[in-house]
Amino acid sequence: MKSKYETMKVIYYRSKLDWYWAPVFVAFWFLLFYIVVISSFNNFPENIAIAEEMNNTDRFIGERAENVLMRLSKIGPKVVGTPANEQSAVQFLLNELSKIREDARHDIYIIQEDVQIASGNYVLWEMVNIYQSIQNVVVKVTPRNSESSSSLLLNSHYDTVPGSSDIARRSTGFACVFLAFLALLTEPTKQILVLWTKGNEGFENIRAMISVRIFS
């Protein structure tokens, strides 16, 4: 009678594919890569330059997004709690919003901004969670002649891991949300709220935005 180890060994060797299936295995993954990755790459939207912006006011301007991304990344690592995260990144964002207000169509919408600092607590899974000095940059755009009662919320965060400006992930998301916000400003049909948070885990930031009275 075979031992349990010998039985498992027989099952293991029987479950292994023969060597001649290796080309099929490689071909499958190559085909999957070609279908998913290559086709997606070739279907990216056209990159529009700033010089073409006047004819594409409601489009995503790739060159402008790149400029925002590069200037944000020059601040360096923006770890939560550091001056780069708490001050430099916030000031960068406020400067960009100031430029937007100068060119805004105040005749068709009202644009407001607020740097929000909040503290509080909540119960989750029978545990009390406490947050202190959560900082948000919130922008609100209200169309003047819209009867819509719905709102659109855009959200991103700008913190990074230590030692990295994180240009490939967080900063890219920041730039994309920023440019999407600009495109929506062309002719907003509903209220737009944009929430930029200093940290990745944004639950506390969203709760702070809801719980604290802003734009009164």
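Student: In this predicted model, how many salt bridges does the count come to?

Tutor: A salt bridge here requires a side-chain nitrogen of Lys or Arg within 4 Å of a carboxyl oxygen of Asp or Glu. One of the pairs is E96 with R71, and another is D107 with R105. By this rule the count comes to 4.

Student: Which parts of the chain does the salt bridge between E96 and R71 tie together?

Tutor: The closest N and O atoms of E96 and R71 are 2.5 Å apart. The two residues are 25 residues apart in sequence, so their pairing ties together helix α3 (residues 62-73), which holds R71, and, with E96, helix α4 (residues 83-102).

Student: Is E96 buried or exposed?

Tutor: The cut-off for a buried residue is a relative accessible area under 20%. E96 has a relative accessible area of 8%. E96, because its value is 8%, is buried.

Student: What is the distance between the closest N and O atoms in the salt bridge of E113 with R101?

Tutor: E113 lies in strand β1 and R101 in helix α4, 12 residues apart, and the pair links distant parts of the chain. E113 is partly exposed, with a relative accessible area of 29%, and R101 is partly exposed at 31%. The closest N and O atoms of this pair are separated by 2.3 Å.

Student: In what order do the strands of the open sheet lie?

Tutor: The sheet is formed by 4 strands with mixed pairing. Its edge strands, each pairing on one side only, are β1 (109-124) and β3 (151-157). From one strand to the next, the twist averages 25°. The order is β1-β2-β4-β3.

Student: Over how many bridges do β1 and β2 pair?

Tutor: Strand β2 spans residues 127-143 and pairs with β1 in the antiparallel sense. Within this pairing, Y109 has P143 in β2 as its bridge partner. The number of bridges is 15.

Student: Is T197 buried or exposed?

Tutor: T197 is placed in strand β4 (residues 191-197). Leaving aside residues up to four places away in sequence, T197 touches Q135, N136, N155, S156, H157, Y158 and N205. Its relative accessibility is 3%, so T197 counts as buried.

Student: What is the relative accessible area of L32?

Tutor: L32 is found in helix α2 (residues 22-42). A nonpolar patch on the surface, with about 1300 Å² of accessible area together, includes L32, along with F25, W29 and V36 among others. L32 is partly exposed, and its relative accessible area is 36%.

Student: What pattern does the chain follow, read along the sequence?

Tutor: The secondary structure comes to 6 helices and 4 strands. Of the 216 residues of the chain, 32% count as buried. Read along the sequence, the pattern is α-α-α-α-β-β-β-α-β-α.

Student: What share of the accessible surface of the chain belongs to carbon and sulfur atoms?

Tutor: The accessible surface of the chain comes to about 14500 Å². The part belonging to carbon and sulfur atoms is 58%.

How values were computed. Residues numbered from 1 in each chain as written. Predicted model: local features only at pLDDT ≥ 70, side-chain atom pairs only at ≥ 80, totals over all residues. Heavy atoms only, no water. Pairing = 2+ DSSP bridges. Axes fitted to C-alpha atoms, helices over the stretch in contact; angles between N-to-C directions. Buried < 20%, exposed > 50% of the residue type's maximum accessible area, 1.4 Å probe, protein only. Contact = heavy atoms within 4.5 Å. Areas by Shrake-Rupley, 256 points an atom, 1.4 Å probe, with all protein chains shown as cover. Patch = residues over 30% accessible without salt bridge, like charges linked within 9 Å, V, L, I, M, F, W, Y side chains within 5 Å.
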